[in-house]
Amino acid sequence: MDRYTEQRLFGLLARASAALIVGVLALVVGVTLFRGGRVFLTDPAVAVTPPGSRYMLDGGGGFLHAVLGSLFIVVPATVIAMVLSLSTAIYLQSDYSSERTSEVINMFLNVLWGTPPIVYGVFVLTVIIAVGAQTSLIFGVIAIAIFQYPIMTRYADEALKAAPDTVKEASYGVGATRFETARVTVRAALPGVIAGIIMGFARGIGDAATVLFTAGRSTQMPGGPFDPATTLPILIFEQAASFNAEVRSHAYAASFVLIVAVLALIVASKLLAGRYARFAPGGRHS
Amino acid sequence: MSNQPALRTENLEVTYTGNRKVTALDGVSVDFAENALTAIIGPSGCGKSTLLKSLNRLHEIQPNAEIAGEVHFGDQTVYDTDDPLPEIRRRIGYVPQTPTPLPMSIYNNVAYGAKIHGDYSREELDDLVETCLRKVNLWDEVEDRLDDPGAALSTGQIQRLCLARSLAVEPEILLCDEVTSALDPISAEQVEETLESLKEEYTIIMVTHSMDQARRLADDVVFLYLGELVEANDARTFFENPQADRTKEFISGHGASTYLEKSSDESDSETQTDEQVDGSRDRPTAVEQ
């Protein structure tokens, strides 16, 4: 095979794989939007109506409990994970740490990153049993935060690493402290950091395994931080397998809500990142 | 500000202990005169930047740097001190080689240092920003767009912005790391003019690759070779009557090649007022022909 045939074949493979990704994505999103959208748009009230007493059996009422559960679990979890991951990323990228400790911590992060979410779920469940509590919203928050933490740290770490070293030098050069310099570095890396936080949020809102054992599969409105709750992915998981067509259709409506939320988040992250990129050294200038 | 003390290094030794041990500075003792511009020259990798950064302990932000010796700053010492590091770095400012805007507006780029070091009212800050931008001849170019991102300026403007940012914390000494190397000739000339005017007020220590630039700007020259100090002298003696053999070699060899590179932009040679520079500029061009 001569060099040019080789080149052409690889070009074909590269284009085909790119087309496949776009195709699969379009298909998944399209089917969800179509099937879920039909249900949701004929009766948008399902997303804001509390579930009826026999919700899982006859689909009375809506799935507001899961929407609220998702928000009450994922928003606080994202805030916690954001603080932790930003601090860790700053630690890894600054002179707070030595090269060797950074390496070790990076290794642990990779292990965390590669741990299946269900394992976090089981871990937190063990904690719940150990302290004699019941599955509740607060443990869902903890599990999701643990799940998001390595994802967001990795993003933030990469973003900070990509920020020019001279920003640090410039800041130290006028007599800034390490904390002040870290803040400037984060600002310089803000587009990447925001992308990481939003990706963490999106992954968190879409994950079922972590919540399954920790917040539970409640079919009632969440009453407080120590009451059982549930999230949209679990609702979808439970209802998609139901033999009641009405209940199954709610699973599609919930999928629609979830995917629209995730897409909106990604668009928001792009817009925000673009806004801050103007200020980043070497970023886009308008 | 006129009687500020100069810097003096004493047996400064810097070793990088990364994958392999590299001695970047090997016992350098040198004086830096006050209110003068000292150029540090030498071939690449000879420890110029390390010397510069070790003067305000900036090299400490990279891991694996070990240091011995001392830097005297007036009656103070830079290494053996109870002062917090940021205080030292405020008084001995640093301008990085690559023109780097902080990720904020032009105004805040200049005000940044002042804001972290003291309480200024809005009016005081406005004044300070204007004064500093005027000192670096940038005010007229940016006064209508102070809220634009610093990154939106041209590279040459950004480098002057960096100088203004350093001036805003009222340093006594400015460390400039090859501040014109990333710039086009016209911007470089503007930055040089700025440095020229700044040395009335500040002690400037700059690393440069260009012998031309050292001749044009420097009052004193420090020549490093492989981490060792070869010669430190006033510029006239250094270029006209070098003491060390290695200096002679470096000036003739390196100097000529620098001229050949630069011979294409002869247009700015009229602006040279120093006849010493003009005279030496002709010589290598003639050699080329």
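Student: Which residue is the bridge partner of T38(B) in β8(B)?

Tutor: In this predicted model, the partner of T38(B) is I205(B).

Student: What makes β3 and β8 of chain B a pair of strands?

Tutor: Two strands pair if there are at least two bridges between them. Strand β3 (residues 37-41) and strand β8 (residues 203-207) of chain B have 4 bridges, in the parallel sense, so they count as paired.

Student: Where do β3 and β8 stand in their sheet in chain B?

Tutor: The order is β6-β7-β8-β3-β9-β10, an open sheet of 6 strands with mixed pairing. The twist averages 15° from one strand to the next.

Student: Why are β6 and β10 of chain B said to stand at the edges?

Tutor: β6 (92-95) and β10 (228-234) of chain B each have a single partner strand, so one side of each has no neighbour in the sheet.

Student: What makes β1 and β2 of chain B a pair?

Tutor: The cut-off is again at least two bridges. Strand β1 (residues 7-17) and β2 of chain B have 9 bridges, in the antiparallel sense, so they are paired. One of the bridges joins V14(B) to L25(B) in β2(B). The open sheet here has 4 strands in the order β2-β1-β4-β5 (chain B), and its edge strands are β2 (21-32) and β5 (76-77), each pairing on one side only.

Student: How many residues does each chain give to the contact between chain B and chain A?

Tutor: Chain B gives 29 residues and chain A gives 27. On the side of chain B, α2 (85-91), β6, α3 (106-117) and α6 (155-167) are the elements that give two or more residues. The residues on that side divide into 18 nonpolar, 7 polar and 4 charged.

Student: Which residues of chain B does UniProt list as "domain: ABC transporter"?

Tutor: The unreviewed UniProt entry lists residues 7-251 of chain B. Over residues 7-251 the chain is 37% helix and 27% strand.

Definitions and conventions: Residues are numbered from 1 along each chain as its sequence is written. Chains are lettered from A and ligands numbered from 1 in the order in which they are written. This is a predicted model: local features need pLDDT of at least 70, side-chain atom pairs count only at pLDDT 80 or more; totals for chains, interfaces and linings use all residues. UniProt positions are given in the numbering used here, feature names are shortened, and annotations may be inferred rather than shown by experiment. Axes are lines fitted to C-alpha atoms, for helices over the stretch in contact, and angles run from 0 to 180 degrees between N-to-C directions. Two residues are in contact if their C-beta atoms, placed from the backbone, lie within 7 Å. Ala, Val, Leu, Ile, Met, Phe, Trp, Tyr, Cys and Pro count as nonpolar, Asp, Glu, Lys and Arg as charged, and the others, Gly among them, as polar.
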